[in-house]
Every structure is written in C-alpha cells, then in structure tokens.
Amino acid sequence: MPETSLPPPSSAAAPLLEVRGLSKRFGGVAAIRDVDLTVAPGSVHAVIGPNGAGKTSVFNCISSFVQPTSGTIRLDGERIDGLPAHVVARHGVARTYQNVRLFPGMTGLENVLVGAHRTLSVPGWQAVFATPRFRREEAAAREKAMAILEFAGVAHHAGTLARHLAYGDQRRLEIARAVVAGPKLLLLDEPAAGMNPAEGAGLVELIRRIRAELGITVVLIEHHMRVVMAIADRITVIDRGAVLAEGTPAEIQADDSVIAAYLGTRRDTPAEAAAEDASDAGAGAKTGMKAVRA
Amino acid sequence: MSFNVVTSSFRVVRREREAGAEALRIGLIAGVAAVLFCLIGAYVALDKRDVVEGVASFAAVALAAIALVAGYTSAATANRQGRTPRRAVLLAGGAGLAVGACLALMVLATTNLGIRTILVAASPALVRALTFGTTAGSSGQIFLLLAAGFGLGAIGGALATLVPERLRRAIIRGVFVVIFAGLFRDVFFSIASNLPGGVDRMIYGSAGIRLWPAILLFAAVVAWTILRAAAGKPSAARTGGRSKLSIVLLVATVLVLPLITSDFVAQVAMLVALYMLMGMGLNIELGLAGLVDLGFVAFFAVGAYTVALLCSNGPLAIADVSFWVALPVAIVLAAVSGLVFGLPVLRVRGDYLAMATLGLGEIVRVLVLSDALAPVLGGSQGIIEIDRPVLAGISLNTPAELYYLALILAGAVAFISWRLQHARIGRAWLAIREDEDVAQALGIDPVASKLVAYSVGAAFAGAAGAVFAVLVGSVFPHSFQLLVSINVLAILVIGGLGSLPGVLVGAMVLIGLPELLREFGEFRYLFYGVALVAMMHIRPEGLWPAESTKREMADA
Amino acid sequence: MTAAAISAAVRNRTADWWRRSIWVDHLMLAIRVVVAVLVLWGLAGGIAAGTYSAANFASFAMFGLTIGSVYALIALGYTMVYGILRMINFAHGDVMMVGSFAGLFAASSLSGAGLTNDAPLIALPLVLAAGMAVGAAVSVAIERVAYRPFLHVRSLAPLICAIGLSFVLQYGARGLFGTRNRAYPGFGWMEGTVQVAGLTIPIPQIVAFGAALVVLAGLLAIVRLTPLGKAMRAVSEDRDAAALVGIDVSRTIVFTFAIGGAMAGVAGVLYALVFKQITVFMGFFLGIKGFAAAILGGIGNLGGAMLGGLVLGLAEALGPALLLEGYGLPAPYQLKDVIGYGMLVLILIFRPQGLLGERLAAKRA
C-alpha cells in the first residue's frame, strides 16, 4: 500500500476550506446535494467518485464558475460563496480544468504572466511612461514567472505558443499559471487524466512539491487511484451528488459502502483496486454504479 | 481573431466536380458577377477613368479581369485533374464564353425588355459602352461579346497552363504595376510634376498613363522580376532585412507624401491619418480585448462636438478657447462617455455586444440630430466657424499642416497602445479575448478591464473627432453615421486585428484608395463589404498580421 | 408569516446581496434606479400633460401592434439562427429589404395586369410569396458564404462576413435599384379605412397584422409538428450529437436560414403594405429593431420573439406620446428610434435574458 508522506493533519486546526450543505440544481436536476467538505491547511485532499457524480460541480461552485443553489463556502473562515469568480481568485483560490484551458494564442511565459495578474499593482499609465516602478515590477514578474515555469518543468517552453505544447506540458503549464500568484488553495480537476504512468508519477512529484515548497493546500479530483492513494491525506467520496464517505486513504479503502458503490464488488480488496490502472478503475466504477442502481 | 477554438467536429467540405462542370460553374458565377457589376452602375461610372489613356478604362479592365480569372481558375482546376493543356485552355475559353453569354443576355434584356424601370443602371449608355459603340440590337455585338469572353477566358487559361511559372508571375506582377500606376495617376502625376522637363506630361495623359510608358513599365517590371528570380532565392537574413526596409520605406512615404504632392493628395492623406487614429482606438477594443464595437462613432462625435462647442465663433459656442485646451477636454470627455456607455453593455459578449453598441451609436446620432437638443448642438444645422489650431503663432490651415497634426497624434496613440499592450492591462485584455471565464478565474476583473479598453479606445476616437472638427471647420450630424464605425472596423480587419502597422495599411487601402479614385465613391461600401468577406475567406489574419499571429503561422 | 419575519428575511437578503455584490453591481443598481425614475417621471408627466385623447392612444396602439408584428417577423429570423448556431445573422435586416424589393417587382407586374386593384386577395399572397422566395434564397446564400465555412471554429469571421454581406446587399441594391424611395402599387379596397368602436383604422394595418399572425402560426406548426422542426431543435441542443443520430445537420441549418429569410421577406412586404414606400437602406435599421425585439423576448425563444416584437412596437408607438411628452421635448416623434434602440440597451441593463428567455446573454455560446 502506498504510504502518505505526511501524517494526516489534526482536525483541531482551523480548516482552510469549509464547505457546508452545498447544493446545486440545474433546472429540476440536482447536480450536488448537501455536500460537506473540510480541507485542513497544508493538506492534499482528494475528491473521488464515478463520472457524473458532481465532483466538477463542487469545484465550479468553490471557484464561483456557477453559483450554488444553497450552502456556504468559507475560505479561512470568510464566506466566498456567491462572490464573482475574480474576487474568489483574489481571496486565494486557483484552479485547473478537466479539459485543459490555456490561452492558446499566448506563449507559455505570457500564460504564466496572466496568472500573476493579481499580484501586480502598478497602474497602466505608468506602463505608458515606463516608469522605474513599472519596470521593476515587470522585471520581477518575469523572473517569478520563469522560476515557476522552471518549477513546473516547462521552462524550455516559455516562448512556445500554448497550443503547440504536448498534452502533458499543457497540463504542467496550466498548473504553473495557477500557482504563480501564490494562492492558498489549488483545485486540480483530474490533473493526471490522459497521462501515462511515467507522466503520472512526475505529476505526483509536482503536487508534492507544490505543497512542500510553495505551501499551497491542494484539493484534487482524480480517477487514477494510484495517484490518489500516493498523495492524498484525506479522501472524500462523492456519489450521485452526495458525500458517500470521508476519511484517510486507509479508511476509504476499508469502507464497505465505498467498496460497494464505487470500487465495485468484483474486487477482493480495495488495495487491489488501488493498484489497478486508472482505466480499469473507471470501468470498475461504472460496473459498480450499475450494480448499485440495478 | 487569433483564437480558433474548435467547437464542433462538424465541418462541411465541398466536393470538386469534374473539370468541365467546374468550368461551367465558375463561368456562370463569374458571369453573374460581371452582370451585377454592370447593373449596379459600376461599369458606367468606372468607365470614366482610364488606366491606360485612351486604351483601357478601369471598368473595361475590371470586366476583363473577371473573364480572365474565370478562365485561369477553370484551367487550373482542369490541370489539377490531369487534363491536357489544350483541353484546359479550351475549358477556360468555355468559362470565358459563359461570362460573355451572361453579358450578352443582359444586353439583349436591356435593349428589348423595359427593365430600366426596375434596374436603374440598365441604360442605353451601358449597352453602348459594353458593345464598343456598335449600333444597338445588332447580332454583331452579341457575337463580339461572346468572342471577347472566349478569348479572354482562353488567355487566362493559357496563362495558367502553358506559361511557365516564373514568367507567369512576372506577367501578373507587370499587369498589376501598370494598373496601379494608371489608377493612381493623381499621386504619381503630382510627384512627377516636381521633376523638370515636363516628364509628368510625357508619362501621363489627363485620365491615365499613356500607352508607350505603360508598355515600357510593363516590360521593365517583367524583366526585373525574371532577372531577380534567376539570381536565386533571397536568404532568410535578406528577407528579414527587407521587412525592416519596407517599414522604413512606408514611414518615409508617410512623412514626405503631402509635401511632394498636391493639396488633393494631402487632403486624402489627412483623412487616412484621421482614420488611423480611430483605427488605433478600435484596435484596443477589438484587436486586443476582443470587443466588437459598432457604436465607435459616438465617441468620435463626442470629441468633435466638444471641440466645436469650445472653439467656435458661432452662436452656439460655450467658450472660445484654443484648440490645445479643447483637445484634452475632448479626449477626457470621450473617455468618460466611454465609461458611462460601456458599463451597461460590457456585461454581454460577442455578437450581442456588436448589436448593443450599434444601438448606442444610433441613439447618439438621433439625439444629436433631434430638435430637442438643437438649441445646444445645432440639430441638422450643426456647428460652424470652428477656429483652426494655432501653433507658435502660425495657424494650421493647409491640409498638409493638419495632416502632420493628425500624424503626430496617431504616432503618440500608437506608442501608448504598444506600451499598454505589453503591460499587465494588455495581457489581461488578451486573456479576456482568448477565454474570458479562465481570465476571470485568474483574478482579472473582466468588466473593469473591458471598461478600461473601452474608454481608452473612446479617448483615441475623441482625439480623432477633435482633429476632424478643426479639419472641416464645422460639424454636422451626418458626419457621424454608422458607416464611420464600419469603416474603422473594416480597416482593422483588412489590416490585421491587433496589429499596429496593420492599421496604417488598412487605412491606406480602405480610405486612401477610394478617395483617390473619386469615381469609385458610391461603390466604396460595396467594395468594403466584398473586401471584408473576401478577407475572412482568403486571408483572415489581415494584410499585415499582428506579431502573435505571425508567430503562430511560423510555428504551425 | 409575521411582519417581523418578513422584514428579517428582507434584511437577510439585503445583507447577502451586499456581501456578494461588487462595484459593478452597485453602479448597475444606480443606473437602474436613475432609468426607472426617468421613465416614471416621463410617464407621469405625459399622462398629466393630456395632449392626446384616449382615442389617440388607441390608434397609436393599433399602429404599434402592426409595426410590432413586422418586428416580430424579423425577430424570428434572428432567434432561429441564434438558436441553432448561437450566432447573430447581422445581414438579416437586409434580407428583409431584398424581400421587400422582390415584392415590389411582383406587385408592379401584377399591377400592370390590373390584379392588385381588382383582386387584392389574390395579388397579396402572390406578392408575399415572391418576397418569401427571394428572402429565403438570399438568406441561404448568406449561410453559404458567411456561416458554413466557419462552422467548425469559434471566431469573429462569421460576424465580420455577415457585416460585409450586409453592406454588399445594401449598396448592391442601391446600385441596382437607385437611392430614391420606391412606392408600392395600391391594393384596391385594402387602401381604405374601417370604423371599429369609434376608431378609424387603416385596413392595411389590419391586413398586415392578420397576415403576420397567420405566418407566425404556420411557422410554429412547422417547428412543433414536423420532423424538420424536431431536427432543428436537436441541432440547437447539440450539433455533434444530432449528427451522430443521423440528422443532416448541414441541411437543417440551411432550412433554418431559409425559413428565417422567408419570414423576413414577409416582413418586408407587410412593411411596404403599411408604409407604402421602401428604400434600400431600410433593412439595416429595421434589422436592429428586429434584433431588439428578439432579445427583448429572450433570444432563441420563438414565442419570445413574437412577444418582443409586439412590445417593442407598442413602446415605440406609445413611447413618444406617453414618455417624451412628459419632458416637454419639442418634436418627440423624432426620438421614436431612440426609444427603439433604447429598449435594446435597457433590456441588457435590466433583464439580459429577455422576457421569456432563460439563457443568459452573458453566457458564451
């Protein structure tokens, strides 16, 4: 069984992210119902569940891409639900997307510089006259951006248009763009999707370093069980829009309802399922869903 | 726009038919185009301007070009499908014949059916011009049209199949240079009149270039092109050097042009500079931030009316201050009105925004024109007697002097645009243009950023309006029609969205050329429409694309 | 619920709005308040001024419904194309103009045969058919040039092509037909007026209104009942999925444009029936009005387009008398268009999704 590098954070510390009773309805359909999610600062928290369970909807609510129908979201104790997306971002929430969404017509460096937008403050008229303050800030921003590109391992693509990057590099660039402004919370939506095992391992390493070196709390949605078990301190399982279980990886792997609903009944132990390849896990999830619904 | 996100795998591809059917199709399309060209009155109007004095009018050249291109395209298609050159030329002739037949049918309809009550341009004058002055109703003129069509089509076909590539390029280039030299007689004639010895009269007649100079020019261009091609391909370094060289040449032309030519040309140059100023304003909105603004003319009007009210001797003036005081006021007022108008409409996107801004622009025009505001703005009478700007005791009166005023402003605006583009706000604009949702999730306030773009663009338009007011010396509501906004939009699209040199090129092509071809006047917007459509199909990145677009092309 | 509970709930909601709102919301609220006050002030003044009698207002309203039904027909074209492509056909107003001219020529030749005067009930449908046919043909041509080549990408190209085509149509028509106003021939007894409940109503207004309703009903029947309508709704939901289940997407889009163009052609003829005169430049401005009607009703919503057209027509007809009169402005009817265009902006300020729409204007297609 893969070990976690840090002990689970104590529940006594004030949570960084606290979601209470979150619901989102589209028309008559409830995408998520009464979801609670508590993320301790400095932890890596995984959200898993079958396709269509509402995981991305939770992310969309947290980052204010959509407004929740009811429920509250607190970051560091402060309400952020219902705020415009850019205000949420300024509170320190950054995210990536299930289908990578870079600025395709901009270079790697430009993408990251846009990510640094909220850390820059010199007004536009100073740019017109290229005042010393503007030049200092701009130079510092470029340096920081290059450092982050280096950190994410895509520094050699600083001058390449984003659309011409390989898929894995696009994922890394998107993460670099998200962390350059130093958010408190990073939401990763299936970062390992479509990656081969080697790339997946590199990604696990990158996420570990984001937590350790940049001190950013990470919440990730992931189907690759190997990735989840390798880095998550805690796991929340969502099924059909509601929280099914919450706990450490060990607890989740031992949880009967998760095994029944998500990991599927055909496996002997959850640990085996964790060792399976992600596509298998996905297929297992689907059969599991069928079994439950039937 | 630079981003072409694939939204659907669905794509329609037209299947090419067999060469003969293609030739017929091309011929008929070209024939309809030729008939429309005649029936909208363009033929008769453009027949008044010669390209080669006494030999070929602009109208005849255009009509011949339609048949030639039809022949060329059909022959190229036949060639691609592996037909023999002889057959290809024959098909090309057939396509030309179809063009001729369409025209012949039109002539018959014009002379025999009274279609003139409906189609105002189907006049006897048109028939006379088309049939080389032969008497109406003769079968000879029909035959003549058919033969001319076939011949031109076949020549086009021969050019496509029989002539070797290098020579073909040289010939096409030669023809274009001669047409260019003939059409812009006014510019070249006034330049040549600076030379001693009556060179101007030797080369140019009263309407176009003379025959022998035209032939010599053609031969020279052909020879030079072939010789240069024979000297081998230019190296990469040289092409880089050449693009720098072409910028230097462009700038030099822009600087000295009004000095060495006539007042008329200076006047045209002045208009070009004015539209450049506006183009740079819209470039911030559309080129950088992706906001399609069709109410742009409203800010132009704000600038013009501000200067008019502040600098006029007329009864409506509220002050009589110097232009240099009024200019900043006009710019600030335009920027403020940008903020006020922008807020309600900037929350919507794309096509919606285009329509909303269009509505805003029209509201401003109707208000200015109304009796309700006439006591303040003069209604349809406008405001007259606006003072010219005075610089160091000299009143700027001539078109050339005002041209330099506009040019200096355009330069300043270009500099500001360039600096903004490469700063935090410029990156925010690009990000919003590429993907607004993601930009917002990165902490960019989309409404605030768009508002800044909108009001900076409005400020530039206000500056243009201010210059326009002193240039004309009066302002009237009819100067602020939607067409101005469309002009500026077309300049940007033709020049290349987001590209500063593109604005210059676009303004020269779309404002300068039609102004210089006065006969062209009433067809100018038709030409704009065709140019916009053609540009989107053939060269969507514009004549002088923005850096990022070029980079993209190079990468791809 | 007690008064205290209600006031607590209101306070809660206000506090929550205050927490989540930013400067944009505050400014928009201020703009809304200012606009609402201005409108109410004008309305109160207009009613108090008492320049017009109730009969005046009734005939204004009848006129408003007539022009409103023309707007509704134009709006349908915008809404249908938007529904299926999520794009606005910028040249749609000019399709109406071309349809109107086609109707003019049909009417002229019928009038030569004496048919328009003697048998207007036969002539008018023929004229309408000519307008519909040409409108549909031009609309399909627009689809071919401006939309089909760019279907697979998201870019400004279709919008710019459509703007270009709008100019080609306007100035092409100007060259072909000249700039002066063209008069429609009279349609016999349809030129008269009737007395209804003490009001004198011109018959063309009644005919135009009735014809518009018939055509609208026909369109609704097509969309609701035929396989083509089903295909249109499927394509508008998801183009790729529709293609997967065997719907000919390309053909469906062409039909959508054709129907929209035919509606515009009808609008052009009915407009001419009421106003007697047409010019080559009328399409553009009527097009904007039609668009305003479409978003007023909620773009993508057929019923909304009809409602929006009628509301806009009424607002334009009654607005100057009711609203601008209250401000004592000279010549308030000059500002009729300001009300029309102003509605467009006001909808965006107050209710971007329109009266019946659910889709937000701010959502990218």
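The following legends describe close-up views of a predicted model.

**View 1. The open sheet of chain A.** Six strands of chain A are arranged in the order S6-S7-S8-S3-S9-S10, and their pairing is mixed. Strand S6 (93-95) and strand S10 (242-247) of chain A form the edges, each pairing on one side only. From one strand to the next, the twist averages 20°.

**View 2. The pairing of S9(A) with S10(A).** Strand S9 of chain A, residues 234-239, pairs with S10(A) in the antiparallel sense, and 5 bridges connect the two. Within this pairing, Val237(A) has Ala245(A) of S10(A) as its bridge partner. In general, strands of a sheet pair through backbone hydrogen bonds, in either a parallel or an antiparallel manner.

**View 3. Helix H7 of chain A against the sheet.** Helix H7 of chain A (residues 197-214) packs on the sheet, where it touches strand S3 (44-48), strand S7 (185-189) and strand S8 (217-221) of chain A. The direction of H7(A) makes about 155° with that of S8(A).

**View 4. The contact between chain B and chain C.** Chain B contributes 56 residues to this contact and chain C contributes 55 residues. On the side of chain B that touches chain C, at least two residues come from each of strand S1 (5-6), helix H1 (19-39), helix H14 (323-345), helix H15 (350-369), helix H21 (482-495) and helix H23 (524-538) of chain B. H15(B) provides the largest share of that side, with 13 residues. By residue class, the side of chain B that touches chain C comprises 40 nonpolar, 10 polar and 6 charged residues.

How values were computed:
Residues are numbered from 1 along each chain as its sequence is written. Chains are lettered from A and ligands numbered from 1 in the order in which they are written. This is a predicted model: local features need pLDDT of at least 70, side-chain atom pairs count only at pLDDT 80 or more; totals for chains, interfaces and linings use all residues. Two strands pair if DSSP finds at least two bridges between them. Helices (H or I, at least four residues) and strands (E, at least two) are DSSP runs, numbered from the N terminus. Axes are lines fitted to C-alpha atoms, for helices over the stretch in contact, and angles run from 0 to 180 degrees between N-to-C directions. Two residues are in contact if their C-beta atoms, placed from the backbone, lie within 7 Å. Ala, Val, Leu, Ile, Met, Phe, Trp, Tyr, Cys and Pro count as nonpolar, Asp, Glu, Lys and Arg as charged, and the others, Gly among them, as polar.
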